[in-house]
Amino acid sequence: MISLAKLSSLPGTLKYRKAASLIKNAELRLARAGAIPPNEALYLGQLCELLAREEGLPGAVLKILREAQGSLAAEGAPAREDLLRSLGLIYNLLLARTGKVQADWDFYDRAEKLDPQKRRVFSGMEVYLEDIRSPFNVGAMFRAAESFGAEKIWLSPLSADPLHRRALRSAMGCVEILPWERLDRDPFAPGAAAGPPGFEGPFFTLETGGSPLDSFPFPPRAILIAGTEELGVSPQALAAADASLGRVSIPMYGSKGSLNVSVAFGITMQAWAQALDR
């Protein structure tokens with residue numbers, strides 16, 4: 001580790017960037033190992049003290065630094081969750097001093113391996129992700145589907161790869177325990193033959209112009225179609241859903257009138273699971 005004397009002599013932006021790296025590495029070790037070695041805890045406490053002497057820091061920032069310093073200097077093991085939160089806040093504050101903000105791929109998964117035996121599954125609750133292009137959204141939708149008891153996810157040929165690093169990051173372990181299958185062709189394309197085994201429907205879709213969420217008759221067995229970020233569900237898939245179980249819509253009250261696809265999907269999955277749980 002760089003000496004604190006050398007760190008304090010660095011020019012501002014470089015000093016904050018180096019300190020941010022030290023804090024992030026400590027945060028990761030604490031999250032994964034559950035503890036920070038005593039010599040490193042002493043060093044980090046002194047680093048917090050050094051940072052607290054910086055001019056122009058708001059009182060809220062000083063409070064966070066002092067709290068972290070106190071936790072690191074405490075006898076025995078510090079409160080892990082409190083220290084994790086303090087280190088995370090300090091990291092973001094240091095990043096801000098360099099003119100940067102934390103991107104979504106900077107976050108880490110604090111969850112351990114998920115236990116598939118603990119899953120409660122609604123048999124027949126399946127999902128079709130139609131041309132979801134963002135790996136982040138695919139991962140987030142896997143997480144929502146797993147959280148609300150989906151049995152399986154189907155992916156269109158053009159949907160992003162669930163094994164992409166950003167999808168894995170936002171899924172937080174759910175790709176590994178939720179069964180999924182990618183189709184090799186569009187099952188709703190004009191002239192398409194029947195879908196693969198198991199992809200027979202019935203179908204309903206998350207789209208505008210449908211029954212409100214609180215009055216939609218959620219079925220015990222079906223495939224929910226969620227469409228691409230830019231254009232929504234394709235006309236062919238819409239027609240298939242309209243001929244089957246129809247559309248479900250989320251009532252909107254703001255001027256924007258739309259939600260990110262993974263957010264809307266999560267809301268719908270929760271409503272479906274709640275309806276089945278009754």
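Me: Okay, helices (H or I, at least four residues) and strands (E, at least two) are DSSP runs, numbered from the N terminus. What kind of model is this?
Reply: This is a predicted model, where local features need pLDDT of at least 70, side-chain atom pairs count only at pLDDT 80 or more, and totals for chains, interfaces and linings use all residues. Residues are numbered from 1 along each chain as its sequence is written, and side-chain values use heavy atoms, with hydrogens and water left out.

Me: How many salt bridges turn up in the whole structure?
Reply: The search finds 9. A salt bridge is a side-chain nitrogen of Lys or Arg within 4 Å of a carboxyl oxygen of Asp or Glu.

Me: Which residue does Lys 63 pair with?
Reply: Glu 67, at 2.5 Å from N to O. They are 4 residues apart in helix H4, so about one helical turn separates them.

Me: And why does that spacing matter?
Reply: An α-helix has 3.6 residues a turn, so residues three or four places apart point the same way.

Me: Is Glu 67 buried, exposed or partly exposed?
Reply: Partly exposed, with a relative accessible area of 37%. Buried means under 20% relative accessible area, exposed over 50%, and partly exposed in between (1.4 Å probe, protein chains only).

Me: What about H4 itself, how far does it reach?
Reply: H4 covers residues 59-73, 15 residues in total. From first C-alpha to last it reaches 21 Å, close to the 21 Å expected. The expected span is 1.5 Å times one less than the number of residues.

Me: Which H4 residues are buried?
Reply: Val 61, Ile 64, Leu 65, Ala 68, Gln 69, Ser 71 and Leu 72. They sit on the same side of H4, because they cover an arc of only 165° around the axis. The arc is that of the directions from the helix axis to the C-beta atoms.

Me: What do they pack against?
Reply: Helix H3 (38-52) and helix H5 (80-97). The face turned away carries the exposed Gly 59, Ala 60, Lys 63 and Ala 73.

Me: New topic. Where is Glu 126?
Reply: In strand E1, residues 125-129. Glu 126 counts as buried, at 12% relative accessibility. Beyond four places in sequence, its contacts (heavy atoms within 4.5 Å) include Lys 152, Trp 154 and Trp 272.

Me: Lys 152, then. Which residue forms a salt bridge with it?
Reply: Glu 181, at 2.7 Å from N to O. That pair links distant parts of the chain, with Lys 152 in strand E2 and Glu 181 in strand E3, 29 residues apart. Lys 152 is buried at 18%, while Glu 181 is partly exposed at 30%.
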